[in-house]
Amino acid sequence: MPLVSSSLNEWGNMNSAAKITVANLSRRTLKDKLFKGLVLFMSLITISPIVLIIYKLVEKGYRQISLDFIIKTPPNTFEAMTALSNGELIPGGIANGITGTLLMVVLASVIAIPVGVITGIYLYENPGKLLANLTRNISDILQGVPSIVLGLIAYMWIVKPITSGFSALAGSVSLSIMMLPMIVRSTEETLKMIPESIKEAAVALGVPYYKVILRVLIPTGFSGLLTGILLGISRILGETAPLMLTALGSSVINLDITKPTSAIPLLIWEFYNDPNMVDLIWSSSLLLMGMVLTLNLVSKRIAARTK
Amino acid sequence: MKEDNVNIKDPVLSIRNLSVAYDKGNYAVKDVSADIKRNAVTAIMGPSGCGKSTMLRAINRMHELYENIETKGSLILNGKDITDMPTIQLRRMAGMVFQRPNPFPTLSIYDNVIAGYKLNGIRLKKKERDEVVERSLRDVTLWDEVKDTLHKKGTFLSGGQQQRLCIARALAFDPEVILLDEPTSALDPVATSKIEDLLVKLKENYSILMVTHNMSQAARISDYSMFMYLGELVEYGKTKDMFTNPKDRRTEEYLTGKFG
Amino acid sequence: MKLGKLPAKQFSQLLKVHQMNSDKITKGVLLLSSFVILFVAGGMIFSLVEGAIPALKSFGLSFIWSNNWNPTEGKENYGALPFIAGTIITSVAALLISLPLSFSVSLFLGEYYRGTRIAKILGPMVDLLAGIPSIVYGLWGFYVLRPLLIDLGLPNQGFGIFTASIILAIMIIPYATSLSNEIITMVPNELKEAAYSLGATRSEVIFNVVVPSARSGIIAGYILSFGRALGETMAVTMLIGNANIVPDGFFSTGNTMASVIANQFGEADGLKLSSLIAIGLLLFLMTGIINAIGKFIIKRMG
Ligand SMILES: Nc1ncnc2c1ncn2[C@@H]1O[C@H](COP(=O)(O)OP(=O)(O)OP(=O)(O)O)[C@@H](O)[C@H]1O
Ligand SMILES: [Mg+2]
């Protein structure tokens, strides 16, 4: 007879095979707890960068944020150096970056939104067609093209042949190619959620097709479309690499789309490479993050409100 | 007491003052007590939403998987209090069959039957495994239909076959009691009658507690019946007695089709 | 012609014709705009190939496996191997580092805390990881992570494959989790309950039921996130050390295809520019194939 009586070691009158021993039980319960602990720990690690990054930006950047920061252009290296050696805040701001970013984002949106929405409608209207499937697949693949490659493309399409030099237009084109597939997919997904009956009601009244689109589909799915567009904008807002190849940067405010233009991320890159200006990276990043966060929150709000 | 007419000696399961609330204070099962007869089929009847599934799931302590569900009372299985026993052991002893057949779609028929062993980390020799699979599938009269396709996915079977596979999965573990929640409601009449025959046969070796919506099914195969209404156990007795001579007016109205 | 004087029948016919025309135009516009995407994609391939031709003509296929990147005039030679190797090593490392993290987050959101308030806070935070600009990750990696790694004894001033991979890993997590978390959430409760009813613990249910059922989605998510890693530019450029060599280890410096373009584009023309475009073409093809595989798996799941 074993020392541990079988009644302590097993439960019930199970068949010989189906024994769950104390050892089995405690091992498994422990494993279960450990695994959950691991999942919690890893999840915490995963979100810690976002907290740490935002904390760092605020901690090092908030002092620089002021009205001047938004309405003035950056100082030259010498001015920055003087301020540094006197222990003062670096004067000036990033107005050229803010205006450049706005200019290029608006232009990119003007290019990408109409094409993207109309293409999305086409996909929604012809779900099974060969051409639609092709378009959908290509659009999905476009969505994964690295932004730096889009920079190369805009360089070859705009910088060299059209504006014969770096330009805001080239930057916008690279950003618009980036935005386009996102808008296509979000438009299609949004329209798919509109009940068929709403559309049928309009079609049955004999309303021309374009009116069905303009008066029924787009208004009904408006908040969904808006969410997609805002998310798209928030993604291109921080793009740096393609702009290095296209818009290049400018030390003054420029609103001419055929001329080189700055952008907030381009300025961050410049400050990062200039030891005298490096203090400005935090405040610029803080502002950029603020814009991205705001767009994200607004689009989430809109999405939540319509659900 | 309500269940005066039931005097069950050596019950397989005793339910004592069982209450379950999904939201605080709002009980879906209210203070139910009953002894379940060994080697018999006991049916739980009642109109939709009266708490049948809730009670059955409480016996397997399924409610503990979800937060905010409050369970009170105690359960005694084969003379052992299972109220605070680790759920792993308890669930091994109480097999559960669900309303909709739910074989594991990623597993073969063979692996579905011994899923309980695999999940519990019990290693069997190949020979033992084969034995368990064949015995369980024979028990549910599925063996002849699937013996050549044991390594196909369980989801290729018909609905009725899938449900029998799920019963086999529960039987493979040799449970003390089998809990079934409307096991035939998703099946056609032929598959239903197969399962009914099977349950009658199984009670030789197993104790069966089954929720059913179908009064004639309860009449056909159960030995004891419970009638629940609004979370309460209204009446409990031999099925014959209950159908011929219901004590409570609500039971009578339900059995005669006045509501439910 | 005054419409009011027309007989009703004729009037409605006229309306119909008018409407048919407008419908045709509408359909045409829709069709046309969908061609835009095809043209853009086709044009991209065309331009990249055209731009890459001088380099491919000069170096042939050896462009891909030569590791000699030398812009010195007279001895000019461009081989992409260092960058192809750098890209694949950093991306694989990033994927491996991100695997346990994104898997945990998917389980947190899709299984352990599905639908709870804490998941509603954590989920958007993870999504936000995708919203942080690459250059901000770069700054954080440069000023926060790198000093930490130097203290831990990392060589090369903390620059290199390893540092870049850690930052990349964080950046790609949301791309893996958004899909796998959704698929894990969709695993039917009945299946999980079936496993619980047989006595399984939660982690056993996860490994025996949830993960096998959600397998394709989880894998597709990782593939898509890998595709992201291949093309990330700024953060990598700021952390990898920018050495045009085939990395000889995890802690070695190097360059990726994206980072070499970003780094050297400014002073490039002629054969060098063509070589950078050729690298862009290769990168385009690599990410295209990876994404196509990912999407294919998703499509097959239905
Ligand atoms: N998960 C849940 N959360 C909240 N309330 C629930 C939940 N499940 C059931 N209920 C409620 O508890 C009560 C009993 O439900 P239960 O499913 O036990 O009824 P039932 O008798 O099995 O009904 P049916 O015959 O329709 O299956 C019902 O009022 C139901 O609305
Ligand atoms: Mg029920």
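Mentor: Buried means under 20% relative accessible area, exposed over 50%, partly exposed in between (1.4 Å probe, protein chains only). In H10(C), the buried residues are C:Met257, C:Ala258, C:Ser259, C:Val260, C:Ile261, C:Ala262 and C:Gln264. This is a predicted model, where local features need pLDDT of at least 70, side-chain atom pairs count only at pLDDT 80 or more, and totals for chains, interfaces and linings use all residues. Residues are numbered from 1 along each chain as its sequence is written, chains are lettered from A and ligands numbered from 1 in the order written, and side-chain values use heavy atoms, with hydrogens and water left out.

Trainee: How many of the residues of H10 in chain C are buried?

Mentor: 7 of 8, so to speak of the helix at residues 257-264, mostly covered. Helices here are DSSP runs (H or I, at least four residues; strands are E, at least two), numbered from the N terminus.

Trainee: What do the buried residues of H10(C) pack against?

Mentor: Look for contacts, meaning heavy atoms within 4.5 Å. The partners in chain A are helix H7 (147-159) and helix H12 (241-244). In chain C they are H3 (81-112), H8 (202-231), H9 (234-239) and H11 (270-301).

Trainee: And chain B: how many helices and strands?

Mentor: Chain B has 11 helices and 10 strands. Buried residues make up 57% of its 260 residues. Of the chain B contacts with a separation of 6 or more, 69% join residues 24 or more positions apart.

Trainee: What box do the C-alpha atoms of chain B fill?

Mentor: Roughly 55 × 40 × 35 Å, along the principal axes.
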